[in-house]
Structures are given as C-alpha cells and as structure tokens.
Amino acid sequence: MRDLSMMTWKEIKEIDKGKSIVFAVMAPIEEHGWHLPISTDLLEGEYWSRNAAKIVERKLNTECCYLPTFPIAAASVNEFYGSIHFSMKTTYEVAYGIMESLCCMGFRHVILIASHADPDHQIAVEKAVRKINRKYGISALAPMGQIFMGEGVKSSKELESFETEHADDFHAGWIETSSLLAMDESYVREGYKTLPDSKISDRDMISKKKQLKAMGKYGYLGCPRLASKELGDELNRNCSESIADAVIRFYKRDGYQKYTDYFLYKILPLHLGFMGAFGKVRRKKVTG
C-alpha cells in the first residue's frame with residue numbers, strides 16, 4: 001500500500017495502472033456532539049479504506065495506493081461550531097476532479113470512499129462517478145452509499161439484535177462512538193456514557209428543523225452511552241470487509257453492481273441542491 005502524495009511523478013508514471021487500485025476519501029469536518037472530534041468522518045474513512053486495502057492486497061495480485069483525505073462534503077446542518085460544509089455542486093465538482101485526474105493518469109480502478117452518510121453528499125459523489133464512467137468507461141466506484149444502507153458483509157446475530165433494539169442512531173450515537181473507541185479510545189471524550197439519548201425517526205430526519213430539535217444543545221442523534229469498543233471492533237471490521245468485497249468485485253468487474261446506484265439517487269427532490277437557488281450552503285453566525 002503506497003501513499004501517492006509521497007511519490008514523485010516519475011514513480012507514479014511507472015505504476016502499472018491497469019493493476020493498481022487507488023483509494024480517495026471524501027468526508028466533512030463537522031461537529032459530532034460533545035464527545036467526538038470534528039474529524040470523525042475523516043478518521044472513519046481513512047481507517048476503513050486502509051484496512052480494506054490490506055485485505056484487497058492479500059486476496060489479489062495487485063497494489064493499492066491512496067491519496068490524502070479530502071475534507072470536503074455536502075451536508076445541511078451548520079448550526080454548530082466546527083462544521084465546514086460545501087454545496088452539492090462543489091462536492092460533485094471536487095469528486096469529479098479527483099477521479100478525472102486519476103483517470104487521465106491511466107488508473108482504471110478508482111475507489112472513492114465517501115465516509116459521510118448524508119444523502120446530499122452521497123448523491124453528489126454518485127453523480128460524479130456516473131459521469132466519470134460515462135466518459136472514461138467503467139473506472140470508478142463509490143460504494144459507501146450502499147454499504148451505509150446495509151449492503152456487504154452481514155453482522156453477527158448479536159450485533160443485528162443490538163441494531164434492531166437500538167435503531168435510529170444517525171449521528172455521533174452509539175455506532176460512531178463505538179467505531180472511534182475501537183480505533184483509539186483517546187478519540188472519545190470522557191463522560192460520553194452520561195450523555196442523554198437523542199431520539200428521532202427515519203421520517204423526521206427529512207426535516208432539518210426536527211433534526212435540530214432532536215440534537216438540542218448536544219449535536220448528536222442517537223445514544224452514545226451504549227457505545228463500546230467491542231461493538232466498534234465488529235462495526236469497523238464489517239465496514240472494512242464490505243469495502244474490500246466491493247473493491248475486489250469491481251477490480252474483477254464481476255458482481256460489483258450491488259454497490260452502485262445509491263438507492264436515494266432516483267428521488268428527484270433530493271437533487272435540488274444542484275440548483276443555484278436551492279444549492280447554497282446556509283451559513284450563519286454560531287452563537288450557542
């Protein structure tokens with residue numbers, strides 16, 4: 001596994017582009033409650049993709065490369081300190097620019113890890129991938145939209161049961177807190193087990209107003225107190241293995257389609273963010 005940013009242009013020229021796989025992570029700098037760092041989504045994307053690359057290199061006669069993480073993503077909730085979001089159009093253009101640059105170098109296996117589940121972000125990235133694959137032939141894959149929706153490696157019965165019992169955990173709740181505990185316990189601030197639960201339904205997540213109400217003064221949606229390193233170990237392993245499965249299928253161009261076509265992409269109202277009147281990031285002075 002090689003860091004492209006630490007190579008010279010001549011060294012990159014000498015890479016076998018037809019056999020190499022390049023990972024690029026795109027995720028936001030944004031608030032994750034009182035207990036997780038604003039780099040949470042970046043940390044997750046880097047961790048999952050690096051571990052997936054190790055699995056891929058073990059299973060395929062190939063070399064994986066990666067780029068530095070791009071802290072750029074589309075999202076809608078900007079009312080907390082630490083959130084730096086971009087429009088869907090900007091996110092799309094950056095994603096497209098990254099992938100097109102790699103395709104122009106000759107790479108044919110480009111994996112964009114969009115480690116941020118907001119539909120605005122996933123749709124923008126999906127749109128860029130579709131354009132790349134139309135222009136350059138099948139060259140890029142962004143599997144996280146489908147993985148976030150449950151595609152990939154199946155959880156253990158114990159984790160499935162826990163997920164069913166404690167569903168509607170959308171942002172900086174037990175899922176992400178567990179994930180970071182398993183990566184490095186120092187990422188998670190003390191006192192997370194005393195934080196109150198924040199409940200919101202799938203349906204109410206459509207409303208920014210209801211999201212903010214559920215977030216209250218804390219900025220998360222879920223139950224951080226339920227987090228554990230053990231849960232995080234399985235969650236991270238499942239995600240890394242799911243990415244690896246998607247990449248291996250894509251490399252072989254066989255069966256990778258289940259990781260394409262983000263299921264919300266077809267909902268046209270969710271594309272309004274590409275229009276000038278609707279696509280502006282609504283920033284305001286944070287005073288809370």
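**Salt bridges and a helix crossing**

Searching the whole structure turns up 11 salt bridges. Hi everyone, and a quick reminder before we go on: what you see above is a predicted model. I'll walk you through some of these pairs, then turn to a helix contact.

Let's start with Lys 135 and Glu 100, whose side chains form a salt bridge with an N to O distance of 2.9 Å. Which parts does this pair tie together? Lys 135 sits in helix H4, residues 119-136, while Glu 100 belongs to helix H3, residues 88-105, so the bridge joins parts that are 35 residues apart in sequence.

Next, please find Asp 197 and Arg 225. Their side chains meet in a salt bridge too, at 2.8 Å from N to O. This pair connects distant parts of the chain, 28 residues apart: Asp 197 is in the loop between helix H7 (174-183) and helix H8 (208-215), and Arg 225 is in the loop between H8 and helix H9 (229-252).

Now slide along to helix H9 itself, where both Asp 245 and Arg 249 lie. They are 4 residues apart, about one turn of the helix, and they form a salt bridge in which the closest N and O atoms are 2.9 Å apart. Here Asp 245 is partly exposed, with 24% relative accessible area, and Arg 249 is partly exposed at 28%.

One more group before we leave the charges: Glu 126, Arg 130 and Asp 261 are joined in a network of salt bridges.

Let's stay with H9, but look at its contact with H7. At what angle do H7 and H9 pack? The angle is about 90 degrees, and the axes are 7 Å apart. The two helices are therefore roughly perpendicular to each other. If you want to click through the contact, H7 contributes Trp 174, Ile 175, Ser 178, Ser 179, Leu 181, Ala 182 and Met 183. From H9 come Lys 229, Leu 231, Gly 232, Asp 233, Leu 235 and Asn 236. By type, the residues of this contact divide into 7 nonpolar, 4 polar and 2 charged.

Methods:
Residues numbered from 1 in each chain as written. Predicted model: local features only at pLDDT ≥ 70, side-chain atom pairs only at ≥ 80, totals over all residues. Heavy atoms only, no water. Salt bridge = Lys/Arg side-chain N within 4 Å of Asp/Glu carboxyl O. Buried < 20%, exposed > 50% of the residue type's maximum accessible area, 1.4 Å probe, protein only. Axes fitted to C-alpha atoms, helices over the stretch in contact; angles between N-to-C directions. Parallel < 35°, antiparallel > 145°, perpendicular 65-115°, else oblique. Contact = heavy atoms within 4.5 Å. Nonpolar A, V, L, I, M, F, W, Y, C, P; charged D, E, K, R; others polar.
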